[in-house]
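Dear colleague,

Please find below the structure that I am handing over to you. My notes on what was found in it follow directly after.

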Amino acid sequence: MDTSIMDTNTETTVNKEEEQYLNLIKEILDRGTWEDGRNGRTKSIFGHSMRFSLANGKIPILTTKKTAWKTCLKELLWFIRGETDNKLLQDQGVHIWDGNSTRKFLDSRGLTHYDVGELGPIYGYQWRKFNAPYVTKAEQHIAEQFVGGEEAYNNHFSKNNKKGVDQLQKIIDALKDPNQRTSRRLVMTAWNPEQLSEMALPPCHILCQFNVHDGNKLSCAMYQRSCDFFLGSCFNIASYSFLTHLLAKHCGLETHEFIYFMGNVHLYENAIDAAELQMSRKPFEFPTLSIKQVRENINDYQVEDFVIENYQSHDAIKVAMIA
(Lines give C-alpha, C1' and ligand atoms only; values in the text may rest on other atoms or scores of the structure.)
Protein backbone atom coordinates (compact mmCIF):
# COMPACT_ATOMS: atom_id res chain seq x y z
CA MET A 1 0.00 0.00 0.00
CA ASP A 2 1.23 3.48 -0.86
CA THR A 3 1.36 5.11 2.58
CA SER A 4 2.18 8.49 1.08
CA ILE A 5 -1.53 9.18 0.56
CA MET A 6 -2.64 8.03 4.00
CA ASP A 7 -3.92 10.42 6.64
CA THR A 8 -4.47 13.23 4.14
CA ASN A 9 -8.14 13.52 5.17
CA THR A 10 -7.80 12.88 8.88
CA GLU A 11 -7.86 16.52 9.93
CA THR A 12 -11.02 17.05 11.95
CA THR A 13 -13.13 20.12 11.23
CA VAL A 14 -12.99 22.48 14.18
CA ASN A 15 -15.93 24.62 15.26
CA LYS A 16 -13.93 27.77 15.95
CA GLU A 17 -17.03 29.75 16.80
CA GLU A 18 -17.90 27.49 19.72
CA GLU A 19 -14.25 27.51 20.72
CA GLN A 20 -14.74 31.24 21.42
CA TYR A 21 -17.18 30.21 24.13
CA LEU A 22 -14.84 27.58 25.59
CA ASN A 23 -11.90 30.00 25.52
CA LEU A 24 -13.95 32.52 27.47
CA ILE A 25 -14.69 29.91 30.14
CA LYS A 26 -10.94 29.45 30.45
CA GLU A 27 -10.38 33.20 30.62
CA ILE A 28 -12.92 33.56 33.43
CA LEU A 29 -11.33 30.68 35.35
CA ASP A 30 -7.77 31.93 34.78
CA ARG A 31 -8.09 35.66 35.34
CA GLY A 32 -11.56 36.27 36.76
CA THR A 33 -11.97 37.70 40.24
CA TRP A 34 -14.21 36.38 42.98
CA GLU A 35 -17.11 38.69 43.80
CA ASP A 36 -19.93 38.42 46.32
CA GLY A 37 -23.13 39.54 44.62
CA ARG A 38 -26.88 39.79 45.14
CA ASN A 39 -27.47 36.08 44.85
CA GLY A 40 -24.16 34.37 45.50
CA ARG A 41 -20.46 34.22 44.81
CA THR A 42 -19.24 34.46 41.23
CA LYS A 43 -15.96 34.50 39.37
CA SER A 44 -16.19 37.23 36.76
CA ILE A 45 -14.55 39.41 34.14
CA PHE A 46 -15.93 42.59 32.56
CA GLY A 47 -16.26 43.17 28.84
CA HIS A 48 -16.07 40.64 26.01
CA SER A 49 -17.56 39.91 22.59
CA MET A 50 -18.08 36.99 20.21
CA ARG A 51 -19.28 36.64 16.61
CA PHE A 52 -21.36 33.82 15.11
CA SER A 53 -22.21 33.27 11.46
CA LEU A 54 -25.89 32.77 10.61
CA ALA A 55 -25.29 32.34 6.88
CA ASN A 56 -26.85 29.45 4.98
CA GLY A 57 -29.19 28.58 7.82
CA LYS A 58 -26.48 28.02 10.42
CA ILE A 59 -27.54 28.57 14.03
CA PRO A 60 -25.16 28.58 17.02
CA ILE A 61 -26.76 26.10 19.40
CA LEU A 62 -23.86 25.00 21.60
CA THR A 63 -22.76 21.40 21.19
CA THR A 64 -20.34 20.88 24.10
CA LYS A 65 -23.40 20.34 26.26
CA LYS A 66 -26.88 19.45 25.08
CA THR A 67 -28.84 22.70 24.79
CA ALA A 68 -32.62 22.63 25.20
CA TRP A 69 -33.28 24.68 22.09
CA LYS A 70 -37.05 24.09 22.08
CA THR A 71 -37.26 25.52 25.60
CA CYS A 72 -35.26 28.53 24.41
CA LEU A 73 -37.51 28.97 21.38
CA LYS A 74 -40.71 28.74 23.42
CA GLU A 75 -39.44 31.52 25.68
CA LEU A 76 -38.52 33.67 22.65
CA LEU A 77 -41.99 33.28 21.10
CA TRP A 78 -43.45 34.22 24.51
CA PHE A 79 -41.31 37.38 24.47
CA ILE A 80 -42.39 38.17 20.91
CA ARG A 81 -46.06 38.03 21.92
CA GLY A 82 -45.40 40.44 24.76
CA GLU A 83 -46.37 37.90 27.43
CA THR A 84 -45.42 38.27 31.09
CA ASP A 85 -47.29 35.39 32.76
CA ASN A 86 -45.01 32.49 33.72
CA LYS A 87 -47.96 30.08 33.74
CA LEU A 88 -48.04 30.28 29.94
CA LEU A 89 -44.49 28.90 29.90
CA GLN A 90 -45.15 26.31 32.59
CA ASP A 91 -48.06 24.98 30.55
CA GLN A 92 -45.51 24.27 27.79
CA GLY A 93 -43.09 22.56 30.18
CA VAL A 94 -40.78 25.57 30.39
CA HIS A 95 -39.48 26.41 33.88
CA ILE A 96 -36.83 29.08 33.20
CA TRP A 97 -38.71 31.72 35.19
CA ASP A 98 -39.98 29.58 38.07
CA GLY A 99 -37.37 30.78 40.56
CA ASN A 100 -38.12 34.43 39.82
CA SER A 101 -41.91 34.16 40.11
CA THR A 102 -42.41 32.52 43.51
CA ARG A 103 -44.21 34.29 46.33
CA LYS A 104 -40.95 34.59 48.26
CA PHE A 105 -39.00 36.06 45.35
CA LEU A 106 -41.71 38.52 44.32
CA ASP A 107 -42.06 39.69 47.93
CA SER A 108 -38.29 40.21 48.09
CA ARG A 109 -38.68 42.62 45.17
CA GLY A 110 -41.50 44.47 46.90
CA LEU A 111 -44.07 43.05 44.48
CA THR A 112 -46.43 41.78 47.15
CA HIS A 113 -49.42 42.82 45.04
CA TYR A 114 -48.45 40.45 42.18
CA ASP A 115 -49.93 37.00 41.84
CA VAL A 116 -47.50 34.07 41.91
CA GLY A 117 -46.20 33.66 38.37
CA GLU A 118 -46.71 37.31 37.46
CA LEU A 119 -43.48 38.88 36.24
CA GLY A 120 -44.39 42.48 35.50
CA PRO A 121 -43.25 44.56 32.49
CA ILE A 122 -40.24 42.42 31.56
CA TYR A 123 -38.66 41.73 28.14
CA GLY A 124 -41.66 41.03 25.94
CA TYR A 125 -43.68 43.83 27.50
CA GLN A 126 -40.95 46.35 26.69
CA TRP A 127 -40.47 44.93 23.19
CA ARG A 128 -44.16 45.32 22.34
CA LYS A 129 -45.50 48.02 24.73
CA PHE A 130 -42.47 50.00 25.90
CA ASN A 131 -43.34 52.14 28.94
CA ALA A 132 -47.08 51.50 28.80
CA PRO A 133 -48.53 51.53 32.35
CA TYR A 134 -48.40 47.98 33.71
CA VAL A 135 -51.72 46.57 34.90
CA THR A 136 -51.44 43.68 37.38
CA LYS A 137 -53.51 40.54 37.06
CA ALA A 138 -55.65 41.66 40.01
CA GLU A 139 -56.23 45.06 38.42
CA GLN A 140 -57.05 43.45 35.08
CA HIS A 141 -59.65 41.25 36.74
CA ILE A 142 -61.26 44.28 38.40
CA ALA A 143 -61.12 46.23 35.12
CA GLU A 144 -62.98 43.46 33.32
CA GLN A 145 -65.82 43.77 35.88
CA PHE A 146 -65.82 47.57 35.97
CA VAL A 147 -68.81 49.38 34.49
CA GLY A 148 -67.64 50.75 31.18
CA GLY A 149 -64.79 48.26 30.87
CA GLU A 150 -61.01 48.65 31.03
CA GLU A 151 -60.92 52.15 29.54
CA ALA A 152 -63.36 53.49 32.14
CA TYR A 153 -61.40 51.70 34.88
CA ASN A 154 -58.12 53.24 33.73
CA ASN A 155 -59.61 56.70 33.57
CA HIS A 156 -61.26 56.33 36.98
CA PHE A 157 -58.01 55.25 38.64
CA SER A 158 -55.83 57.68 36.65
CA LYS A 159 -54.16 54.92 34.64
CA ASN A 160 -53.82 56.54 31.25
CA ASN A 161 -54.46 54.49 28.15
CA LYS A 162 -50.97 54.97 26.70
CA LYS A 163 -50.30 51.84 24.69
CA GLY A 164 -46.55 52.19 24.72
CA VAL A 165 -44.18 51.71 21.79
CA ASP A 166 -44.26 48.48 19.78
CA GLN A 167 -40.53 48.44 19.12
CA LEU A 168 -40.53 45.04 17.43
CA GLN A 169 -43.26 45.92 14.93
CA LYS A 170 -41.49 49.17 14.04
CA ILE A 171 -38.35 47.17 13.25
CA ILE A 172 -40.35 44.69 11.17
CA ASP A 173 -41.98 47.52 9.21
CA ALA A 174 -38.58 49.06 8.53
CA LEU A 175 -37.00 45.75 7.48
CA LYS A 176 -39.79 45.15 4.99
CA ASP A 177 -39.25 48.57 3.43
CA PRO A 178 -36.24 48.78 1.06
CA ASN A 179 -36.03 52.50 1.79
CA GLN A 180 -35.76 51.98 5.57
CA ARG A 181 -34.05 48.65 6.11
CA THR A 182 -30.53 50.10 6.02
CA SER A 183 -31.34 52.50 8.85
CA ARG A 184 -28.85 52.65 11.70
CA ARG A 185 -31.73 53.17 14.14
CA LEU A 186 -33.14 49.64 14.23
CA VAL A 187 -32.71 49.34 17.99
CA MET A 188 -34.89 47.48 20.49
CA THR A 189 -34.36 47.89 24.23
CA ALA A 190 -35.73 46.09 27.27
CA TRP A 191 -34.03 48.44 29.75
CA ASN A 192 -36.63 50.90 30.99
CA PRO A 193 -35.45 52.71 34.15
CA GLU A 194 -38.96 53.98 34.82
CA GLN A 195 -40.33 50.45 35.23
CA LEU A 196 -37.40 48.47 36.62
CA SER A 197 -38.96 48.36 40.09
CA GLU A 198 -42.10 46.76 38.62
CA MET A 199 -40.16 43.90 37.02
CA ALA A 200 -39.67 40.62 38.84
CA LEU A 201 -36.14 40.67 37.41
CA PRO A 202 -34.51 43.62 35.61
CA PRO A 203 -33.44 42.54 32.12
CA CYS A 204 -30.01 41.01 31.60
CA HIS A 205 -29.98 41.20 27.79
CA ILE A 206 -30.94 44.82 27.49
CA LEU A 207 -30.49 46.03 23.93
CA CYS A 208 -30.21 44.72 20.39
CA GLN A 209 -29.61 46.40 17.04
CA PHE A 210 -30.42 45.02 13.62
CA ASN A 211 -28.44 45.90 10.52
CA VAL A 212 -28.90 45.17 6.82
CA HIS A 213 -25.96 45.41 4.45
CA ASP A 214 -25.30 44.37 0.86
CA GLY A 215 -28.97 44.80 0.04
CA ASN A 216 -30.51 41.94 2.03
CA LYS A 217 -28.14 40.50 4.64
CA LEU A 218 -29.52 40.82 8.17
CA SER A 219 -27.32 40.82 11.27
CA CYS A 220 -28.07 41.38 14.94
CA ALA A 221 -25.84 42.76 17.70
CA MET A 222 -26.95 42.33 21.30
CA TYR A 223 -25.59 43.83 24.52
CA GLN A 224 -26.03 41.92 27.77
CA ARG A 225 -25.19 43.66 31.05
CA SER A 226 -25.07 40.45 33.13
CA CYS A 227 -24.12 37.06 31.73
CA ASP A 228 -24.56 33.84 33.68
CA PHE A 229 -22.07 32.27 31.35
CA PHE A 230 -22.73 28.62 32.11
CA LEU A 231 -26.52 28.46 32.31
CA GLY A 232 -27.70 31.62 30.59
CA SER A 233 -25.42 32.58 27.73
CA CYS A 234 -26.00 29.40 25.71
CA PHE A 235 -29.71 30.32 25.67
CA ASN A 236 -29.04 34.00 24.91
CA ILE A 237 -26.87 33.13 21.91
CA ALA A 238 -29.47 30.72 20.53
CA SER A 239 -32.42 33.01 21.31
CA TYR A 240 -31.16 36.09 19.45
CA SER A 241 -29.97 33.90 16.60
CA PHE A 242 -33.47 32.40 16.36
CA LEU A 243 -34.90 35.93 16.43
CA THR A 244 -32.60 37.07 13.63
CA HIS A 245 -33.48 34.06 11.48
CA LEU A 246 -37.18 34.65 12.14
CA LEU A 247 -37.05 38.34 11.22
CA ALA A 248 -35.09 37.56 8.07
CA LYS A 249 -37.66 34.96 7.01
CA HIS A 250 -40.60 37.18 7.94
CA CYS A 251 -39.20 40.23 6.11
CA GLY A 252 -37.77 38.53 3.01
CA LEU A 253 -34.08 38.87 3.93
CA GLU A 254 -31.08 36.56 4.41
CA THR A 255 -29.35 36.02 7.73
CA HIS A 256 -25.72 36.99 8.09
CA GLU A 257 -24.30 37.25 11.62
CA PHE A 258 -25.01 37.48 15.34
CA ILE A 259 -22.60 39.61 17.39
CA TYR A 260 -22.70 39.16 21.17
CA PHE A 261 -21.43 41.94 23.46
CA MET A 262 -21.14 41.15 27.16
CA GLY A 263 -20.65 43.31 30.25
CA ASN A 264 -20.24 41.37 33.50
CA VAL A 265 -19.49 37.78 32.44
CA HIS A 266 -19.52 35.36 35.36
CA LEU A 267 -19.59 31.77 36.55
CA TYR A 268 -21.45 31.03 39.75
CA GLU A 269 -19.44 29.11 42.31
CA ASN A 270 -21.70 26.06 41.94
CA ALA A 271 -20.99 25.94 38.17
CA ILE A 272 -17.18 25.91 38.23
CA ASP A 273 -16.75 22.13 38.00
CA ALA A 274 -19.40 21.90 35.29
CA ALA A 275 -17.72 24.66 33.28
CA GLU A 276 -14.38 22.86 33.50
CA LEU A 277 -16.05 19.69 32.21
CA GLN A 278 -17.60 21.56 29.30
CA MET A 279 -14.28 23.24 28.50
CA SER A 280 -12.68 19.77 28.14
CA ARG A 281 -15.06 18.72 25.37
CA LYS A 282 -14.50 19.09 21.63
CA PRO A 283 -17.34 20.91 19.85
CA PHE A 284 -19.27 19.52 16.91
CA GLU A 285 -20.37 21.63 13.96
CA PHE A 286 -23.40 23.83 14.55
CA PRO A 287 -26.76 22.68 13.18
CA THR A 288 -28.90 24.46 10.59
CA LEU A 289 -32.34 26.02 10.89
CA SER A 290 -35.15 26.31 8.38
CA ILE A 291 -38.51 27.99 8.98
CA LYS A 292 -41.37 26.27 7.19
CA GLN A 293 -43.55 29.24 6.30
CA VAL A 294 -44.02 32.98 6.44
CA ARG A 295 -46.98 33.83 8.67
CA GLU A 296 -48.93 37.05 8.30
CA ASN A 297 -48.33 38.22 11.87
CA ILE A 298 -45.11 37.85 13.88
CA ASN A 299 -47.24 36.67 16.83
CA ASP A 300 -48.49 33.64 14.93
CA TYR A 301 -45.29 31.60 14.60
CA GLN A 302 -45.25 28.27 16.43
CA VAL A 303 -42.43 26.03 17.61
CA GLU A 304 -43.45 23.55 14.90
CA ASP A 305 -42.53 26.12 12.23
CA PHE A 306 -38.84 25.80 13.14
CA VAL A 307 -36.86 22.80 11.88
CA ILE A 308 -33.39 22.10 13.29
CA GLU A 309 -31.22 19.67 11.34
CA ASN A 310 -27.94 17.94 12.18
CA TYR A 311 -27.76 18.94 15.83
CA GLN A 312 -25.11 16.72 17.41
CA SER A 313 -24.02 17.38 20.98
CA HIS A 314 -22.35 16.02 24.08
CA ASP A 315 -24.53 15.12 27.06
CA ALA A 316 -26.30 17.78 29.11
CA ILE A 317 -24.55 19.11 32.22
CA LYS A 318 -26.92 19.88 35.06
CA VAL A 319 -26.36 22.82 37.37
CA ALA A 320 -28.94 24.41 39.68
CA MET A 321 -30.03 27.92 38.67
CA ILE A 322 -29.60 30.63 41.29
CA ALA A 323 -32.54 33.06 41.14
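Strand S5 (residues 217-228) runs parallel to strand S6 (residues 254-268), and the two are paired over 11 bridges. Strands here are DSSP runs of E of at least two residues, helices are runs of H or I of at least four, both numbered from the N terminus, and two strands pair if DSSP finds at least two bridges between them. In general, strands of a sheet pair through backbone hydrogen bonds, in either a parallel or an antiparallel way.

Please note that this is a predicted model, in which local features need pLDDT of at least 70 and side-chain atom pairs count only at pLDDT 80 or more, while totals for chains, interfaces and linings use all residues. Residues are numbered from 1 along each chain as its sequence is written, and side-chain values use heavy atoms, with hydrogens and water left out.

The pLDDT (the predictor's confidence in each residue, from 0 to 100) averages 92 for the protein chain, and 92% of the residues score at least 70. Over residues 1-11, however, pLDDT stays under 50, and the model has one contact beyond four places in sequence for them. A contact means heavy atoms within 4.5 Å.

S5 and S6 belong to an open sheet of six strands with mixed pairing, in the order S1-S2-S6-S5-S4-S3. Its edge strands, S1 (33-37) and S3 (187-189), each pair on one side only. Helix H1 (residues 16-31) packs on the sheet and touches S1, strand S2 (40-53) and S6. The direction of H1 makes about 155 degrees with that of S2; axes are lines fitted to C-alpha atoms, for helices over the stretch in contact, and angles run from 0 to 180 degrees between N-to-C directions.

Which residues lie nearest the centre of the largest pocket? They are Ile96, Asp228, Leu231, Gly232 and Met321, out of 49 lining residues. On a 1 Å grid over the protein atoms alone, a pocket is an open set of points with protein on both sides within 12 Å along at least five of seven lines, a cavity is a set where a 1.4 Å probe fits but cannot get out, and lining residues have an atom within 4 Å of a point. Asp228 and Leu231 also line the largest cavity, together with Tyr268, Asn270, Ala271, Val319, Ala320 and Ile322.

Yours sincerely
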